[in-house]
Structures are given as structure tokens and as C-alpha cells.
Amino acid sequence: MSELEDLLTTFRQHQGVEQLVLLGRDGLVVKHLGGNYSDVEALAARIPGLASASEALGTASALDRFRTAVLEFDAGVAIVVTLSLELLLVAVVSSGVGFAPLLHDMRAARDRLIQLL
């Protein structure tokens, strides 16, 4: 297994992580762990729009570049992390699970992930 796969597997092993998706800004899946692939494609197709809207919010509010978003839903949380101008990482976490350790690990590993890609 590659170091990239090891790192993604480490994220996936956090409690409550149902899906982990590495995708391009074009919405194409690069790598996924967990979940049905058709569901993963549907998820990945929507993330670039969210990233673009977040970039626009950062510009409009003078907060600069979009780096991380945490979206809470009735049934869980989605964490979106910008890795580069071309790549995003998304984790879908079950409801009722503390996601702070996962968020910390994803943000802390951002530079290493970029190096591996």
C-alpha cells in the first residue's frame, strides 16, 4: 500500500467516518474509501460548487482562500479540505460522533498529502 493510501486509510479509520473521497475540482473521483461508488460520484459532483461558493465568500469577506469547511446535517457532518488548486478531500461522518480529532488530523496532514500527490 502506498503512503497516500495509508494516510487516507488512517482518516477512514476515525470513529464514524462513513466515506472519504479525494477528488478533483472538476468533480471526478481520484480515490475513495467506503460507501457505494455511485453515491460517491454523486457526492463528488457537488463538492466543486461548494468549494467555488466558499472561495467567493472568502473573497467577498476579505478572508482570503478557502481551506476547510465543516457542514452539519441532520444525519451527520461533511468535512471538505482544500489540498491544492486542483484537489479536495471530503470526509462524511455519522451523526453523534465527535469529529474534532479527524478535522485536526486532516488539516495537520494537508502538506504531506500535497507532497504525495
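1. Start with Q19, which sits in strand 1, residues 17-24. Strands here are DSSP runs of E with at least two residues, helices are runs of H or I with at least four, and both are numbered from the N terminus. Q19 is buried at 14% relative accessible area (buried means under 20%, exposed over 50%, partly exposed in between, with a 1.4 Å probe and protein chains only). Leaving out residues up to four places away in sequence, Q19 touches L33, G34, G35, V40, L43, V90, A91 and V92 (contact means heavy atoms within 4.5 Å).

2. A quick word on the model: it is predicted, local features need pLDDT of at least 70, side-chain atom pairs count only at pLDDT 80 or more, and totals for chains, interfaces and linings use all residues. Residues are numbered from 1 along each chain as its sequence is written, and side-chain values use heavy atoms, with hydrogens and water left out.

3. Now helix 3, residues 100-108, where L102, L103 and M106 are the buried residues. They line one face of the helix, because they fall within an arc of 100° seen down its axis (the arc is taken over directions from the helix axis to the C-beta atoms). A100, H104 and A108 are exposed on the other side of helix 3. The buried residues of helix 3 pack against helix 1 (3-12), strand 1, strand 3 (68-73), strand 4 (76-82), strand 5 (87-94) and helix 4 (110-116).

4. T68 belongs to strand 3 and counts as partly exposed, at 26% relative accessibility. Not counting residues up to four places away in sequence, T68 touches I79, V80, V81, L103, R107 and R110. With R110 there is also a side-chain to side-chain polar contact from T68, at 3.4 Å (a pair of N or O atoms within 3.5 Å; within protein, one must be able to donate a hydrogen and the other to accept it, and residues adjacent in sequence count only if both atoms are side-chain atoms). E55 is 13 residues from T68 in sequence and 10 Å away in space, C-alpha to C-alpha.
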